[in-house]
Amino acid sequence: MTDGNPNTDEDLRVYESGVLDVAHEEMINLVVKLGLATEEISEIVLNILLDQTTTSSGGDMTRRTLGVSDVVVTRQLKRWHALYTLAIFYRDAYNDQLNDRYLAKWNEYLLLARGAKDITTQYGIGLVTTPVPQASTPVLGLAPGLLPATVYYVQITWVSATGAEGNPSFATAFEAPLASVLTVTNGTNVPAVATAFNVYIGLTDCPTTLQNATPIAIGQTFTEAASGLVAGVPAGMGQLPDTYITGGSTLRRG
């Protein structure tokens, strides 16, 4: 949950197709509302996790130090965040305009968000043992080659010594001229947990696909194949949970 907002403004259109139009019309910054929802949900999740720790063993201090840095954005949590954001958004729209249409939307999404929270806590809050953060922007370059001029979209992921892979970086567009191949290095802000990185490239920003056969050591450079992009697996959404903690007192193994 510390990688950024679980959803983008475009993701919200899955639930409310006209949300961007309303945001423009009412001059509401939707990105700010996404961030506010992330902050508030993080506090709720942290309180649930604190309920599962024991003060006598010092577990609560460990949890307070970790915060939500080891919490995975599962499908259930992502939906909760989207609905919670829309509830905040229409609350703001109603309080500004006192429009009954916005009031109905606010109440609808508030109810849906509460249901999504219940589903998330019943299914379990996913945790990882060793969190791998979202990768930073890679450094892109060129090497001599025989490929045509191409616009690439590039993402990388950090990989830990145990093979755990974090969230991909935001897609970076790069125009390679005629008679060249693309090169990718990991760039700066490498976390201590990362020992290698994976490279995902596409001709559009979604999907990008894995281009290296094995993780590339930090500090090394990936060079595109002379024949062009390979058909690898699509970029994922980060680590899978190692354990789940429910809103009650039960710890379930993943």
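**Overview of the chain**

Author: Of the 254 residues in the chain, 43% are buried. Please note that this is a predicted model.

Reader: How many helices and strands does the chain have?

Author: The secondary structure consists of six helices and 11 strands.

Reader: And what does the C-alpha trace span along its principal axes?

Author: The C-alpha trace spans about 60 × 55 × 25 Å along those axes.

Reader: Of the contacts with a separation of 6 or more, what share is between residues 24 or more positions apart?

Author: Such pairs account for 72% of those contacts.

Reader: Let us move to the aromatic residues. How many aromatic pairs are there?

Author: The count comes to five aromatic pairs. One of them joins Tyr 90 and Tyr 102, with 6.0 Å from centre to centre and 40 degrees between the planes, a tilted arrangement. Tyr 90 belongs to helix α5 (residues 75-97) and Tyr 102 to helix α6 (residues 100-123), so this pair ties together parts that lie 12 residues apart in sequence.

Reader: Is Tyr 90 buried or exposed? And Tyr 102, buried or exposed?

Author: Tyr 90 has a relative accessible area of 2%, so it counts as buried. Tyr 102 is also buried, at 1% relative accessibility.

Reader: Which residues form an aromatic cluster?

Author: Phe 89, Tyr 90, Tyr 102 and Tyr 109 form one aromatic cluster.

Reader: Why is the pair of Tyr 123 and Tyr 244 called edge-to-face?

Author: The ring centres of Tyr 123 and Tyr 244 are 5.5 Å apart and their planes stand at 85 degrees, so the pair is edge-to-face; planes over 60 degrees apart fall in that class. The pair links distant parts of the chain, since Tyr 123 is in helix α6 and Tyr 244 in strand β10 (residues 243-245), 121 residues apart.

Reader: How accessible are Tyr 123 and Tyr 244?

Author: Tyr 123 is partly exposed at 39% relative accessibility, whereas Tyr 244 is buried with a relative accessible area of 16%.

Reader: Turning to the strands, in what order do the three strands of the open sheet lie?

Author: The order is β2-β5-β9, with antiparallel pairing. At the edges are β2 (139-147) and β9 (221-223), each of which pairs on one side only. From one strand to the next, the twist averages 25 degrees.

Reader: How many bridges are there between β2 and β5?

Author: β2 and β5 (residues 180-185) pair over seven bridges in the antiparallel sense. Leu 140 stands opposite Val 184 in β5.

Reader: One more residue, please: where is Thr 150 found, and is Thr 150 buried or exposed?

Author: Thr 150 is found in strand β3 (residues 150-160). Thr 150 is buried, with a relative accessible area of 17%, which is under the 20% limit for that class.

Reader: What does the side chain of Thr 150 reach?

Author: The side chain of Thr 150 reaches the backbone oxygen of Pro 148 at 2.9 Å. Apart from neighbours within four places in sequence, Thr 150 is in contact with Phe 174, Glu 175, Ala 176 and Leu 203.

Definitions and conventions. Residues numbered from 1 in each chain as written. Predicted model: local features only at pLDDT ≥ 70, side-chain atom pairs only at ≥ 80, totals over all residues. Heavy atoms only, no water. Pairing = 2+ DSSP bridges. Helix = DSSP H or I, 4+ residues; strand = E, 2+ residues; numbered from the N terminus. Axes fitted to C-alpha atoms, helices over the stretch in contact; angles between N-to-C directions. Phe/Tyr/Trp six-rings, centres within 6.5 Å; stacked < 30°, edge-to-face > 60°. Buried < 20%, exposed > 50% of the residue type's maximum accessible area, 1.4 Å probe, protein only. Polar contact = N/O pair within 3.5 Å; in protein donor to acceptor, adjacent residues only side chain to side chain. Contact = heavy atoms within 4.5 Å.
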